[in-house]
Amino acid sequence: MRIDAKEYRRECSCGQKHEMTTDFCVVESGCLGKLDIYLAQAGLDGFCTAVYDENTYRATEGVRPAADQEIVLDAQNLHANEKAVALVLEKLSQKAGYLLAVGAGTVHDITRYCAYERNLPFVSCPTAASVDGFCSSVAAMTWNGCKKTIATRAPKFVAADLDVIARAPLFLARSGFGDMVGKYVALSDWKISALLTGEYYCKEISSMMEEATNAVLDSAKGIAQKETAAFEKLTYGLLLSGLAMQLMGNSRPASGAEHHISHLIETAPASLGISTDALHGEKVGVATILASAEYHRLAGKNHIEWKDYQKPGDGFLLETFGKELAKGLMEENRQDCAQGITKETMERHWEEVRAVILGIPGPEKLRDLYRVIGAKAELADLGIATQKAGLLLDLSPVARNRLTLMRLRRMMAG
């Protein structure tokens with residue numbers, strides 16, 4: 001399977017011409033062995049630096065692409081943060097002409113950030129179908145303890161070798177599945193924001209993300225049975241999602257309340273008393289069920305008494321998150337995206353908002369879907385107490401200054 005980016009380099013019906021850095025994506029067995037062909041097609045030559053972690057270095061034994069320099073990161077406690085970036089930049093040869101990211105989401109985010117810093121192109125070589133950010137133009141980074149989505153660089157092309165991906169542990173594919181199911185909530189939050197604030201909304205990008213999500217859902221039964229065709233569908237959906245983000249220029253079509261819950265869990269504020277070793281997509285998958293349940297609960301209310309929006313104060317952030325985390329969150333929420341939304345706005349548009357919510361699969365339907373693939377579905381599956389759900393819903397919106405219905409729950413009186 002090959003995805004050709006020229007299909008998307010055209011005038012959009014929304015009136016904008018979206019940018020696309022990635023030339024093409026190849027999803028097929030044995031494609032790492034043909035990397036020289038794809039490099040020539042993409043016009044890349046010169047000194048090559050490949051970045052791995054220890055796990056992905058072992059996973060690609062026998063099919064590793066030729067490189068002039070290999071940087072192999074310690075997989076233990078590896079995160080996409082300022083420490084990992086500093087380590088790669090320190091090791092990176094001054095001769096480097098382009099980078100290869102050979103790994104899953106963390107390796108990719110570290111590599112794309114370093115490519116951006118050094119103004120170098122990079123190539124994506126996924127070793128597992130674990131996240132949807134392989135061909136995104138943004139990196140999900142934890143910077144000084146605060147979760148941020150940072151504009152960086154999209155890959156020149158993607159070579160996703162199905163032989164390598166199918167051999168990866170199944171929990172990695174489940175993580176990619178969870179990351180994609182979250183698009184139901186993310187797309188709904190985007191539509192709701194467009195209704196309430198006039199935020200830019202592109203139907204073509206939204207449809208592209210829906211196609212990506214549907215492709216992943218179609219792969220569920222086959223993934224459980226480890227069928228190569230199912231891994232191809234899953235990988236296709238993940239890559240298409242990243243391309244949609246690239247066209248948008250940010251993660252709006254792919255990240256809403258469900259990701260904000262995941263981000264809050266990842267920052268693990270002391271006051272919340274939570275920690276988990278779960279993968280990003282596993283957390284997003286569980287958070288999607290939490291968000292779906294809450295959104296459907298709100299849509300089912302016969303009467304809501306609205307009040308004007310009031311942003312969370314700095315004192316609240318300090319008390320809740322502590323000085324170190326609160327500083328970044330204060331800056332993130334300084335220009336609150338919901339500021340100025342009134343109770344009249346909500347009353348006028350609530351029926352339209354409810355209609356959008358009805359397009360999100362309910363929590364029981366999602367749980368049934370997760371059972372097919374064996375994915376984690378409950379907070380307890382992540383090692384988090386079930387009674388923390390209310391706090392996660394209340395506090396997660398401040399993790400990212402992006403308008404979601406979860407943020408607007410503050411406007412509900414009582």
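**Helix packing around α6**

Guide: The crossing of α6 and α8 is left-handed. This is a predicted model, and the values that follow are computed from it. Two packed helices are described by the angle between their axes and the distance between the axes. Helix α6 covers residues 170-181 and helix α8 covers residues 203-218. Their axes are 9 Å apart, and the packing angle is about 140 degrees. An angle over 145 degrees would count as roughly antiparallel. α6 and α8 are therefore oblique to each other.

Next, the residues that make this contact. From α6 come Phe177, Met180 and Val181, and they meet Ala212, Thr213, Val216 and Leu217 of α8. By type, six of the contact residues are nonpolar, one is polar and none is charged.

Helix α6 also packs against helix α12, which spans residues 280-299. Here the axes come within 7 Å and cross at roughly 45 degrees. α6 and α12 are therefore also oblique to each other. The crossing of α6 and α12 is left-handed. On the α6 side the contact uses Phe171, Ser175, Gly178, Asp179 and Val181. On the α12 side it uses His280, Gly281, Glu282, Val284, Gly285 and Thr288. In this contact, three residues are nonpolar, six are polar and two are charged. Val181 of α6 takes part in the contact with α8 and in the contact with α12.

Phe177, named above in the contact with α8, also belongs to the largest nonpolar core, which has 51 residues. Phe177 is listed there with Tyr8, Leu239, Leu243 and Tyr370 as the residues with the most contacts inside that core. Helix α10, residues 228-248, supplies the largest share of the core, twelve residues. Apart from this core lies another, of 48 residues, with Tyr295, Met330, Val398 and Leu405 among them.

Leaving out residues up to four places away in sequence, leucine 243 touches Ile3, Tyr8, Met20, Thr22, Cys25, Cys135 and Met208.

Lysine 226 sits in the loop between α9 (220-224) and α10. Its phi is near 60 degrees, a positive value in a residue other than glycine. Most residues other than glycine have a negative phi. Lysine 226 counts as exposed, at 56% relative accessibility.

Helix α11, residues 257-267, is another helix to look at. Nine of its eleven residues are buried, so the helix is largely enclosed by the rest of the structure. The buried residues are Ala257, Glu258, His259, His260, Ile261, Ser262, His263, Leu264 and Ile265. Just after α11, alanine 268 takes a positive phi of about 50 degrees.

Valine 85 has a relative accessible area of 4%, so it is buried. Not counting residues up to four places away in sequence, valine 85 touches Ile110, Tyr113, Cys114, Met141 and Trp143. In the loop between β4 (69-73) and α3 is asparagine 77. Asparagine 77 counts as exposed, at 62% relative accessibility.

Technical notes. Residues are numbered from 1 along each chain as its sequence is written. This is a predicted model: local features need pLDDT of at least 70, side-chain atom pairs count only at pLDDT 80 or more; totals for chains, interfaces and linings use all residues. Side-chain values use heavy atoms; hydrogens and water are left out. A nonpolar core is a set of buried Ala, Val, Leu, Ile, Met, Phe, Trp, Tyr and Cys residues joined through side-chain atoms within 4.5 Å. Buried means under 20% relative accessible area, exposed over 50%, partly exposed in between (1.4 Å probe, protein chains only). Helices (H or I, at least four residues) and strands (E, at least two) are DSSP runs, numbered from the N terminus. Contact means heavy atoms within 4.5 Å. Axes are lines fitted to C-alpha atoms, for helices over the stretch in contact, and angles run from 0 to 180 degrees between N-to-C directions. Angles under 35 degrees count as roughly parallel, over 145 as roughly antiparallel, 65 to 115 as roughly perpendicular and the rest as oblique. A crossing is left-handed if the near helix is turned anticlockwise from the far one by less than a right angle, and right-handed if clockwise. Ala, Val, Leu, Ile, Met, Phe, Trp, Tyr, Cys and Pro count as nonpolar, Asp, Glu, Lys and Arg as charged, and the others, Gly among them, as polar.
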